[in-house]
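Subject: Structure for you to look at

Hello,

Here is the structure to go through. Please open it first, then read my notes below.

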Amino acid sequence: MKKDRIEELREEISKLENEIEKIKEQRDNCTHEWGEIECEKVTRPIYDIVTYGMLSDTYSKYVPTGKFETVDVYSRCCKKCGYIDCTSSVEEVPVQVKKVPKFRG
Ligand SMILES: [Zn+2]
């Protein structure tokens, strides 16, 4: 490859890197406005953490069990920057108490 071409490509790379940095900055500073939450069932392998070795000379490894689990993966997309946020974690939220008319009869 010619020297000029190499220099040209270097400049192109650094230009694109700067652009990526700017986009990331915009995303990081975005006060996300989330769209609707979508839920998708995803089947994924189950892993065990297995520890090898003895005494202080040990290491752990994720080993597939050969079993699979199906989980709900929730995602939401920011309307402003397009960032997609995914999670399979859920939390329990108390159901709000609703007031209904109480008749005598
Ligand atoms: Zn956003």
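**Two domains**

The protein chain is divided into domain 1 (1-30) and domain 2 (32-91). These bounds come from an automatic or database domain assignment. The centres of the two domains, taken over C-alpha atoms, are 31 Å apart.

Two notes before you go on. This is a predicted model: local features need pLDDT of at least 70, side-chain atom pairs count only at pLDDT 80 or more, and totals for chains, interfaces and linings use all residues. Residues are numbered from 1 along each chain as its sequence is written.

**Overall layout**

The protein chain has 1 helix and 3 strands. Along the sequence they follow the pattern α-β-β-β. The radius of gyration (taken over C-alpha atoms) is 25 Å, well over the 13 Å that the globule rule gives for 105 residues, so the protein chain is more spread out than a compact globule. That rule is 2.2 Å times the number of residues to the power 0.38. The C-alpha trace spans about 95 × 50 × 25 Å along its principal axes.

Helix α1 covers residues 3-28, which is 26 residues. From its first C-alpha to its last it reaches 37 Å, close to the 38 Å expected at 1.5 Å a residue. The expected span is 1.5 Å times one less than the number of residues.

Is α1 buried or in the open? Of its 26 residues, the number buried is 0, so α1 lies largely in the open. Buried means 20 or more other C-beta atoms within 10 Å of a residue's own, exposed means 12 or fewer, and partly exposed is in between; C-beta atoms are placed from the backbone. Ser14 is found in α1. Ser14 has 10 other C-beta atoms within 10 Å, so it is exposed.

**The sheet**

The 3 strands form an open sheet in the order β1-β2-β3, with antiparallel pairing. Strands pair if DSSP finds at least two bridges between them. β1 (38-54) and β3 (84-87) are the edge strands, each pairing on one side only.

Strand β2 (residues 57-77) is joined to β3 by 4 bridges. Ser75 stands opposite Cys86 in β3, and Tyr74 stands opposite Thr87 in β3. β2 and β3 form a hairpin with 6 residues between them. Gly82, in the turn, has a positive phi of about 80 degrees.

Best wishes

Technical notes:
Helices (H or I, at least four residues) and strands (E, at least two) are DSSP runs, numbered from the N terminus.
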